[in-house]
Amino acid sequence: MLKLISHLLAAVSLIYPLCASEFTVSQNDEQITISSSTLEAAVQKRGIRQRRRCRNFPRQKNGFRDLGYGLDIVDWIMEPGSDEAYRDQLKGDLAYVFNNPYHGKAPKRSIEGPQICTKAKELSPHIIQGNDFLAVTSGFKYPIAAPGKNTGSEWTQLIVFPSDKRYFISSDKITTVNASDAMFLRLDMPGHIKHHEGDTFSEVYLSYIGKIPAREFFKDFAPDEKFNYRRNVNPLPKRFIRAYHLRDPKNGRDGPWLAGMTLDPSVVFEAWCHQRGYVCMIEEFGGRPIKPGQSFSAAFIVGYFDSIEEMEKTYDLYAGHTGLEADDQYWKLTKSGN
């Protein structure tokens, strides 16, 4: 989609500068496009996938970009357990079949849906203009639920683009109308790696494992076969960072790292990095008891870094937070206690 950005800009209905020309925002019926001296990002309003993408433009020369379908892609509200006993009663895409190469062996079930990234027909993102940042808010109420569960839980997302940074800060939050012993939200963070035998990336970094060469992803494997993280099974890492090292497929030269960092490692319920025709980096956060009217959230840093050391330094500036707030005067990370 980003290859078509020049054509989209020619067709937009609105283009205007923000924040003393640091940001330029263009909109049409399909998406919001945000450009600055360091990043270009698209927030979808319509289409098969509601997604956020960012592209790296240091000094307006570097063409490296994310390698997947987006960087913070939201799915269902879920919990552990099987839906086999009532699967034939489920509406839409709520059925969750496990014991396969896509989902692995762990029994899980959807509480509410649909999968936002593929089934939400339209979102209405809202732009917040600050003095040295730009923010975008989105929301969605889930319209279908499993038998015995209510509909109407709300997903909200806030993304903040600080000026002069190659990364953005985001937070996803669920305010639930249901009770669960271990409710979690599934999302793709930091998305996917499209490749052919490692032509577009040279290695993956998982802070709870270390560096993994691209050759480990030449053949498909299930989420729980290797490189899997589970709370209360794996030791809690000091930082929860997942990243891939971009490679120019034309000349083989390494570029920057693209990282997705969960700022409170304890909120991560399960995360995996598996090959299924492309590398899929799924994360589930929450996974704790919750009652109707309560909420849970996670906060992330997503963007480009020249080294693991730079990722860690940035992570430590924001570590420990689970939420995000913004208005036209300020933005701040918060701690929700979940």
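## Strand pairing, cores and cysteines

Strand β6 (residues 73-80) and strand β13 (residues 180-193) run antiparallel and are joined by four bridges. This pairing belongs to a predicted model. Isoleucine 77 has leucine 185 in β13 as its bridge partner.

Strand β6 also pairs with strand β7 (residues 108-113); these two run antiparallel, with four bridges between them. Here proline 80 stands opposite lysine 108 in β7. Strand β6 is mostly covered, with seven of its eight residues buried.

The largest nonpolar core holds 81 residues. Those that touch the most other members are Tyr142, Trp155, Phe161, Leu185, Val204, Phe217 and Met311. Strand β21 (residues 295-305) supplies the largest share of this core, eight residues. Apart from it there is a second core of eleven residues, among them Leu90, Ala146, Phe184 and Phe269. As a general background, nonpolar side chains in soluble globular proteins tend to be buried together.

How many disulfides does the model contain? The count comes to zero. Cysteine 273 is in no disulfide, and the nearest cysteine sulfur, in cysteine 280, is 8.6 Å away. Because a disulfide requires sulfur atoms within 2.5 Å, the 8.6 Å from the sulfur of cysteine 280 to that of cysteine 273 is too far for a bond.

| Cysteine | Relative accessibility | Class |
|---|---|---|
| Cysteine 273 | 0% | buried |
| Cysteine 280 | 3% | buried |

Key: Residues are numbered from 1 along each chain as its sequence is written. This is a predicted model: local features need pLDDT of at least 70, side-chain atom pairs count only at pLDDT 80 or more; totals for chains, interfaces and linings use all residues. Side-chain values use heavy atoms; hydrogens and water are left out. A nonpolar core is a set of buried Ala, Val, Leu, Ile, Met, Phe, Trp, Tyr and Cys residues joined through side-chain atoms within 4.5 Å. Buried means under 20% relative accessible area, exposed over 50%, partly exposed in between (1.4 Å probe, protein chains only). Two strands pair if DSSP finds at least two bridges between them.
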